[in-house]
Amino acid sequence: MEGEPIEKGPIGIFDSGYGGLTILSKIRRLLPEYDYIYMGDNARAPYGTRSFDSVYRFTREAVFDLFDRGCRLVILACNTASAKALRTIQQIDLPKRDPSRRVLGVIRPTVEAVEAITKTGVVGVFATPGTIASESYRLEIEKIHPGFTTIGQSCPMWVPLIENNETDNAGAEFFIKKYTDELMSKSASIDTVILGCTHYPLIGKAIARHLPKRIKIIEQGEIVASSLKDYLHRHPEIETRCSKGSSIEYLTTDDEKRFDRLASYFLKEEVNSRRVIIEHNDRNNRGNGQGVESPSATN
């Protein structure tokens, strides 16, 4: 009814594990006044090698759980979830659940930033096997920047190395060099590389060390944060529903102590999380699979 107070809630940040913390840190730095809930589905990570349907189901469950916790806006701070689940959730699930809520991803704002950086129009993408298989970056770049060429490189070993804190040994160097060499062997015209997984900034310096110095590297954190700030400015109907208390709550679906230890490594600050179980059995209210395997990702 007119005159009733607007129901407000925190901004949800979801990732399959820890990588989304690199997005969260940049968002909080740029927009410190809002309340946030970060959820890591660590018990079912990694998402990068899972099927489209599995990633969609897991992501949808997490998004609905964040809705139940009061979030009016959820950011999928995970490239695999953005690639495999975002479109279906936006087009099929939100109209049924609550059209007033919003779910945004990380691929679209990243792609929009490419034009101002590349000179050759040949863009490399390091990402998980799932994101590469979805071809989301190629399709999104072709849609927004016709004429550009996208060359993907699957990096299946990088996330396990990062999450096991094994980035400073010979094995890590081997796999970093392996994937950078494989990407550059596909085209000498690449002048811009997207780190298409939110974990990868943790090894950004090592990646840069194995790439030609002329290569520009795009990390997603600041780009996504700036995009969110612009989105809230353009959509006051959403912004007014986001509570402002400068709070942060961390949730994990796995062991809290391990999450706290690794999250503190990612964020360079002490983290205290709470373990939760996310499960939604309302199968009759879920998407029927249409679009689940569509690789298009929107923001």
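Helices are DSSP runs of H or I with at least four residues, numbered from the N terminus. In this predicted model, helix H8 (158–163) gives the largest share of the lining of the second largest pocket, with 3 residues.

**Second largest pocket**
- The space in this second largest pocket amounts to about 200 Å³.
- Its lining comprises 22 residues, and those nearest the centre are Pro46, Tyr47, Gly48, Thr128 and Val159.
- Besides H8, helix H3 (79–84) and helix H6 (129–134) each contribute at least two residues to the lining.
- By class, the lining of the second largest pocket consists of 10 nonpolar, 10 polar and 2 charged residues.

**Largest pocket**
- The largest pocket holds about 340 Å³ of space.
- It is lined by 17 residues, with Thr22, Ser25, Lys26, Arg29 and Phe266 closest to its centre.
- Helix H1 provides 7 residues, the largest share of this lining, and helix H13 (256–267) supplies at least two.
- The lining of the largest pocket contains 8 nonpolar, 3 polar and 6 charged residues.

**Strand S2 and its neighbours**
- All 5 residues of strand S2 (residues 36–40) are buried; Tyr36, Tyr38 and Gly40 lie on one side, and Ile37 and Met39 on the other.
- Strand S1 (residues 11–15) runs parallel to S2 and is joined to S2 by 5 bridges, with Phe14 partnered by Met39.
- Between S1 and S2 the chain passes through helix H1 (residues 20–30), forming a right-handed β-α-β crossover.
- Strand S9 (residues 248–252) also pairs with S2 in the parallel sense, over 5 bridges, and Ile248 is the bridge partner of Tyr36.

Note on methods:
Residues numbered from 1 in each chain as written. Predicted model: local features only at pLDDT ≥ 70, side-chain atom pairs only at ≥ 80, totals over all residues. Heavy atoms only, no water. Buried < 20%, exposed > 50% of the residue type's maximum accessible area, 1.4 Å probe, protein only. Pairing = 2+ DSSP bridges. Right-handed = clockwise from strand over helix to strand, strands pointing away. 1 Å grid on protein atoms, 1.4 Å probe; cavity = no way out; pocket = protein on both sides within 12 Å on 5 of 7 lines; lining within 4 Å. Points joined across faces, edges and corners; volume = space filled by probe spheres on them. Nonpolar A, V, L, I, M, F, W, Y, C, P; charged D, E, K, R; others polar.
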